[in-house]
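Good morning, and thank you for making time for this item. I would ask you to keep the sequence and the model in view while I go through the fold.

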Amino acid sequence: MNGLALHERPAGSASWRIALPHSTAAVPVARALVRSALTEVEHVADCDTAELLTAELVANAVEHTAGRGPIELVVELRPTGCQVEVHDPDPAPPGQLTRPVLEEPDVWQEGGRGLLLIRALSSSCGHRPTASGKAVWFRLPVVPAQRRPV
């Protein structure tokens with residue numbers, strides 16, 4: 001066995017989909033699912049960043065959408081990276097995700113930085129309408145071999 005076999009990308013796609021409660025309890029569950037998905041198939045996207053951005057998307061869905069219906073987390077692993085989507089029942093697009101930031105968040109406020117983190121740390125992000133509301137997503141690329149922890 002040569003050393004390169006330890007760092008090969010998954011040959012195809014794999015995906016996970018789970019309904020989460022419309023409560024803050026969904027955030028740690030979503031983080032754990034993303035970490036499990038990335039480590040289960042030994043995927044080489046950045047787990048820590050994936051967890052952080054997933055937590056931001058789920059927290060936003062819980063905080064900024066009305067209703068008690070579940071939100072849905074979709075994790076798709078691809079040979080080029082991973083995509084995480086959070087589906088919620090509100091059709092309104094998330095503010096400032098794909099538009100230029102006109103004003104910086106107030107440094108004294110606790111919130112207001114989640115979408116900035118998603119924009120800054122993902123390779124791409126966006127939202128799309130769904131039959132029951134919207135999906136907000138981000139993508140992370142595969143981490144190059146020279147940048148992976150040993």
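Let me begin with a definition: buried means under 20% relative accessible area, exposed means over 50%, and partly exposed lies in between, with a 1.4 Å probe and protein chains only. By that criterion strand 5 is mostly covered, since seven of its nine residues are buried. Helices (H or I, at least four residues) and strands (E, at least two) are DSSP runs, numbered from the N terminus.

The model is predicted: local features need pLDDT of at least 70 and side-chain atom pairs count only at pLDDT 80 or more, whereas totals for chains, interfaces and linings use all residues. Residues are numbered from 1 along each chain as its sequence is written, and side-chain values use heavy atoms, with hydrogens and water left out.

Five strands form an open sheet in the order 1-2-3-5-4, with antiparallel pairing; two strands pair if DSSP finds at least two bridges between them. At the edges are strand 1 and strand 4 (124–130), each of which pairs on one side only. From one strand to the next the twist averages 15°; axes here are lines fitted to C-alpha atoms, for helices over the stretch in contact, and angles run from 0 to 180 degrees between N-to-C directions.

Strand 5 has partners on either side. Eight bridges join strand 3 to strand 5, and in strand 5 tryptophan 137 stands opposite glutamate 85. Seven bridges join strand 4 to strand 5, the two being connected by a hairpin through two residues. Threonine 130 stands opposite glycine 133 of strand 5.

Now the helices. Helix 1 lies across strand 1, strand 2 and strand 3, running at about 15° to strand 2. Helix 2 has 18 residues and reaches 25 Å from its first C-alpha to its last, close to the expected 26 Å, a span defined as 1.5 Å times one less than the number of residues. The buried residues of helix 2, including Leu53, Leu57 and Val58, pack against strand 1, helix 1, strand 2, strand 3, helix 3 and strand 5.

Which residues touch the most other members of the largest nonpolar core? Among its 31 residues they are Leu38, Val58, Leu73, Val75 and Phe138. Such a core is a set of buried Ala, Val, Leu, Ile, Met, Phe, Trp, Tyr and Cys residues joined through side-chain atoms within 4.5 Å. Helix 2 gives the largest share of this core, eight residues. Beyond four places in sequence, phenylalanine 138 is in contact (heavy atoms within 4.5 Å) with residues including Ala50, Leu53, Val84 and Ile118.

Is aspartate 88 buried or exposed? Aspartate 88, found in strand 3, counts as buried because its relative accessibility is 6%. A polar atom of the aspartate 88 side chain lies 2.9 Å from the backbone nitrogen of aspartate 90. That is a polar contact: a pair of N or O atoms within 3.5 Å, where within protein one must be able to donate a hydrogen and the other to accept it, and residues adjacent in sequence count only if both atoms are side-chain atoms. Aspartate 88 also stands opposite lysine 134 in strand 5. By contrast, histidine 127, in strand 4, is partly exposed because its relative accessible area is 31%.
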